[in-house]
Amino acid sequence: MRKFLQFLLVCLALGLPLTAQTGYILTASPSNVQSVINQHGLTIVKELYDGTNCVMLVSSASADVAGTETEVESDLRVVGFEPDQTASLPELSALTQPVLTQSSTSILDSLPGRTLVSFFGSTVPSNYTTQTATSIIRLGDARTATRLTGSGVVAIIDTGADPNHPALSSVLVPGYDFTRDIPGFSELADLDPAVAAQLQQSSTSILDAQNTLQLNGSALAILNQSSTSILDQSSTSILDSTLAEFGHGTMTAGIVHLVAPTAKIMPLKAFRADGSSNLSDIIRAIYYAADHSANIVSMSFSMAQSSPGLQAAIQYALNKNVTMVASSGNDGSKTLVYPASYGGVQGIGSSTNTDLRSTFSNFGSGVVTFAAPGEGIVTTYPGSNYAAGWGTSFSTPMFAGAAALVLQARPASKPGDITNALSKTKQISDMGYGRIDLYQSLINVVGSSGTSSTTTTSTSGTSGK
């Protein structure tokens with residue numbers, strides 16, 4: 001029997017506290033960039049983008065960071081200059097840990113018995129395809145009424161993906177590993193080869209028991225007796241603090257695939273398994289996606305402070321009619337985070353299974369454009385496994401998949417058209433247009449006269465973002 005290690009992972013959206021580094025992100029015109037570098041004693045580390053402006057990661061021999069910034073920024077030939085930043089994932093906060101741990105209890109109780117079902121060319125567990133979240137957004141009703149299954153390319157900037165996962169392998173297209181600066185995207189590359197092999201080994205038992213294991217402050221509920229032994233053997237190398245976000249990218253890819261199973265997925269690995277990244281790698285990934293035929297970019301991360309280089313990359317993609325989707329963050333606050341708060345970006349908050357704002361989700365018109373379920377979302381996990389996660393990280397790819405459905409119906413849609421098409425929603429206070437309702441939105445898009453088997457009341461909300 002196919003293995004089914006179902007980990008219930010509590011994963012936060014990737015909130016990124018920033019600390020200054022020795023590198024800088026320099027933007028200047030092609031005709032000026034070399035003279036700027038020479039005059040200010042800078043050294044090229046790598047090119048991030050070469051177009052109307054050149055965007056370079058550079059270093060300086062000067063230890064005076066503030067002085068270097070002031071000197072270079074005052075040069076009229078310079079379009080932009082800012083420190084490269086190290087981005088890292090926070091541990092569960094005092095706010096989110098009790099909320100998310102409590103959520104795991106209810107989802108464990110509500111999961112139906114697992115059977116194996118056929119899903120667009122692969123065999124998957126039924127509680128992946130028929131989970132509560134799909135009913136809430138009326139995915140089945142929309143698919144029956146419109147026959148939409150998604151098109152285009154969804155780029156996912158995350159920790160990579162498992163290229164051999166049976167549910168995903170047929171829809172993955174070549175991506176890039178910015179953490180190693182090589183083609184490819186496998187997050188298994190972050191593991192010791194012996195551990196990677198162990199993760200993929202066969203397991204025959206199914207949902208036999210519900211055990212709970214606490215590892216480094218992250219709640220992990222295990223639904224499978226045999227998984228306990230595998231996790232016990234490998235937890236020090238897979239689930240410790242050095243690999244705290246391993247599997248995150250495969251999980252977000254699985255949610256896109258659940259909603260839009262015939263859309264292609266381009267994994268762009270800008271984050272390591274410990275959850276760390278650099279602003280320069282994120283910027284480079286956005287330019288890469290825009291220049292390699294991505295139609296949608298899903299970004300399950302957020303930063304507390306704005307970056308001119310990040311905003312320029314976002315705007316570049318928007319100018320190429322790429323729909324940009326970003327997590328609104330898990331601080332439970334009415335605040336701004338980036339890139340979700342940039343104009344033109346679809347900021348996605350998390351809603352509960354009872355259509356309330358998730359307690360951990362950020363909210364407000366400045367950061368949330370739409371909401372989608374983000375509690376106990378069952379999805380793919382490396383090694384042919386499945387997991388469930390909590391956080392706006394998992395609401396975000398749900399919306400990205402919805403955008404791919406709109407693109408199938410209307411291939412010429414621009415980012416603003418995607419917003420309008422999905423704006424028939426279930427209103428939730430302070431959550432932009434509200435929680436997405438695919439049936440109501442998509443029958444309007446295709447002009448279908450189909451009827452729904454559910455009774456969810458949906459109305460059009462408004463977003464001030």
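In strand S22, Ala387 is the bridge partner of Thr379. The model is predicted.

**Strands S21 and S22**
- S21 (residues 377–381) and S22 run antiparallel and are joined by five bridges.
- Three residues lie between S21 and S22 in a hairpin, and Gly383 in the turn has a positive phi of about 85°.
- S22 spans residues 385–389 and is mostly covered, with five of its five residues buried.
- Asn385, Ala387 and Gly389 point one way from S22, Tyr386 and Ala388 point the other way, and all are buried.

**Helices H9 and H12**
- Two packed helices are described by the distance between their axes and the angle between them.
- For H9 (residues 248–259) and H12 (residues 392–409), the axes come within 8 Å and cross at roughly 35°.
- The crossing of H9 with H12 is right-handed.
- On the H9 side the contact involves His248, Met251, Thr252, Ile255, Val256 and Val259; on the H12 side, the residues include Phe394, Pro397, Met398 and Leu405.
- The residues of this contact divide into ten nonpolar, four polar and no charged.

**Ser350**
- Ser350 is in strand S19 (residues 346–351).
- Ser350 has a relative accessible area of 0%, under the 20% cut-off, and is therefore buried.
- Its side chain reaches the backbone nitrogen of Gly374 at 3.4 Å.
- Leaving aside neighbours within four places in sequence, the contacts of Ser350 include Leu356, Arg357, Phe360, Gly374, Glu375, Thr392 and Met431.

Notes. Residues are numbered from 1 along each chain as its sequence is written. This is a predicted model: local features need pLDDT of at least 70, side-chain atom pairs count only at pLDDT 80 or more; totals for chains, interfaces and linings use all residues. Side-chain values use heavy atoms; hydrogens and water are left out. Buried means under 20% relative accessible area, exposed over 50%, partly exposed in between (1.4 Å probe, protein chains only). Helices (H or I, at least four residues) and strands (E, at least two) are DSSP runs, numbered from the N terminus. Two strands pair if DSSP finds at least two bridges between them. Axes are lines fitted to C-alpha atoms, for helices over the stretch in contact, and angles run from 0 to 180 degrees between N-to-C directions. A crossing is left-handed if the near helix is turned anticlockwise from the far one by less than a right angle, and right-handed if clockwise. Contact means heavy atoms within 4.5 Å. Ala, Val, Leu, Ile, Met, Phe, Trp, Tyr, Cys and Pro count as nonpolar, Asp, Glu, Lys and Arg as charged, and the others, Gly among them, as polar. A polar contact is a pair of N or O atoms within 3.5 Å; within protein, one must be able to donate a hydrogen and the other to accept it, and residues adjacent in sequence count only if both atoms are side-chain atoms.
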